[in-house]
Amino acid sequence: MTIVKERLVSGKLEKIYFDRYLRPVGTHTRCVPESVREAARQRLRDEGGYAECIAMLNVEPAIESDPFALKVRGVAKLALRDYAGADEDFAVAIGLLRRELSATSCNQTASMIEQGELNEALAIARTAIEIDPHWYLPGVGLLSALALSGEVDAAWQALVEWLDIWPDGHRDAQLYQYLAEDGMLSALRADPRFDGFLRSKH
């Protein structure tokens, strides 16, 4: 039985494990149809087709969650010298791609933990935080790998440093659910620093 499966001792923990590792995570869940994206890209190639490209993408409900369509629309805005609009589209697209890349790294962290490759899990989890530190999953993966490695002091330091980068994490309900309930973090909750940290949030 693997490290992670040994800790799946209840239905609740199984659900937490599924929510964190087996369900695809990230924000890029709705896409503009590829046929529409390709048609919009074609308008970019056509002289004078920039406004038509923008209009075509503006009516798509998924435009704000599709980084590739946002990039196309941003290029069209740039061609029309709408610099503010282009910069906004590019910034949103970059944010979406960062979250997706971070989420994929979190899933790879889970795979390494499942195989008992904790050093690899630690390295990948740190990369996930570097890519996008402003959500709960990368830090939870790092704390899990450190807890399973017996590195409680390092886990506490990692939590403090992470929340310095992501101060909104102090108010993130998903983060505190994992810290309070996740079976892999039980060694951390036994430490007075973590216990006091969790109690201070109630």
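Figure 1. Read along the sequence, the protein follows the pattern α-α-α-α-α-α-α-α-α-α-α-α. It has twelve helices and zero strands; helices (H or I, at least four residues) and strands (E, at least two) are DSSP runs, numbered from the N terminus. This is a predicted model, in which local features need pLDDT of at least 70 and side-chain atom pairs count only at pLDDT 80 or more, while totals for chains, interfaces and linings use all residues. Residues are numbered from 1 along each chain as its sequence is written, and side-chain values use heavy atoms, with hydrogens and water left out. Of the 202 residues of the protein, 46% count as buried. Buried means under 20% relative accessible area, exposed over 50%, and partly exposed in between (1.4 Å probe, protein chains only). The protein exposes about 10,600 Å², of which carbon and sulfur atoms supply 54%; accessible areas come from the Shrake-Rupley method with a 1.4 Å probe, and for residues only the protein chains shown count as cover. Among contacts with a separation of 6 or more, 60% are between residues 24 or more positions apart, where contact means heavy atoms within 4.5 Å.

**Figure 2. The largest nonpolar core.** A nonpolar core is a set of buried Ala, Val, Leu, Ile, Met, Phe, Trp, Tyr and Cys residues joined through side-chain atoms within 4.5 Å. The largest one has 38 residues, and Tyr136, Leu143, Leu175, Leu179 and Leu188 touch the most other members. At least two residues of this core come from each of helix 6 (83-114), helix 7 (118-131), helix 8 (136-148), helix 9 (152-165), helix 10 (173-181) and helix 12 (192-199). Helix 8 gives the most, with nine residues. In soluble globular proteins, nonpolar side chains tend to be buried together.

Figure 3. Leaving out residues up to four places away in sequence, Leu175 touches Tyr136, Val140, Trp162, Leu163, Trp166 and Gly169.

**Figure 4. The salt bridge of Arg37 and Glu34.** A salt bridge is a side-chain nitrogen of Lys or Arg within 4 Å of a carboxyl oxygen of Asp or Glu. The whole structure holds 14 of them. In one, the side chains of Arg37 and Glu34 meet at 2.5 Å, N to O. The two residues are three apart in helix 3 (residues 34-45), which means that about one helical turn separates them. Arg37 counts as buried because its relative accessibility is 11%, whereas Glu34, at 40%, counts as partly exposed.

**Figure 5. The salt bridge of Asp132 and Arg99.** The closest N and O atoms of Asp132 and Arg99 are 2.6 Å apart. Asp132 lies in the loop between helix 7 and helix 8 and Arg99 in helix 6, so the pair ties together parts that are 33 residues apart in sequence. Both Asp132 and Arg99 are buried.

**Figure 6. Helix 9 against helix 12.** The axes of helix 9 and helix 12 come within 10 Å and cross at roughly 35°; axes are lines fitted to C-alpha atoms, for helices over the stretch in contact, and angles run from 0 to 180 degrees between N-to-C directions. On helix 9, Val152, Asp153, Ala155, Trp156, Leu159 and Leu163 meet Arg193, Phe194 and Phe197 on helix 12. By class, this contact has seven nonpolar, no polar and two charged residues. Ala, Val, Leu, Ile, Met, Phe, Trp, Tyr, Cys and Pro count as nonpolar, Asp, Glu, Lys and Arg as charged, and the others, Gly among them, as polar. The side chains of Arg193 and Asp153 form a salt bridge (2.6 Å, N to O). This pair links distant parts of the chain, with Arg193 in helix 12 and Asp153 in helix 9, 40 residues apart. Arg193 counts as partly exposed at 31% relative accessibility, and Asp153 as exposed at 55%.

Figure 7. Arg81 is found in the loop between helix 5 (67-79) and helix 6. Although Arg81 is not a glycine, its phi is positive, about 65°. Most residues other than glycine have a negative phi. Arg81 is exposed, with a relative accessible area of 65%. Glu88 lies in helix 6 and is exposed, with a relative accessible area of 53%. The C-alpha atoms of Glu88 and Gly74 are separated by 7.9 Å, the two residues being 14 apart along the chain.
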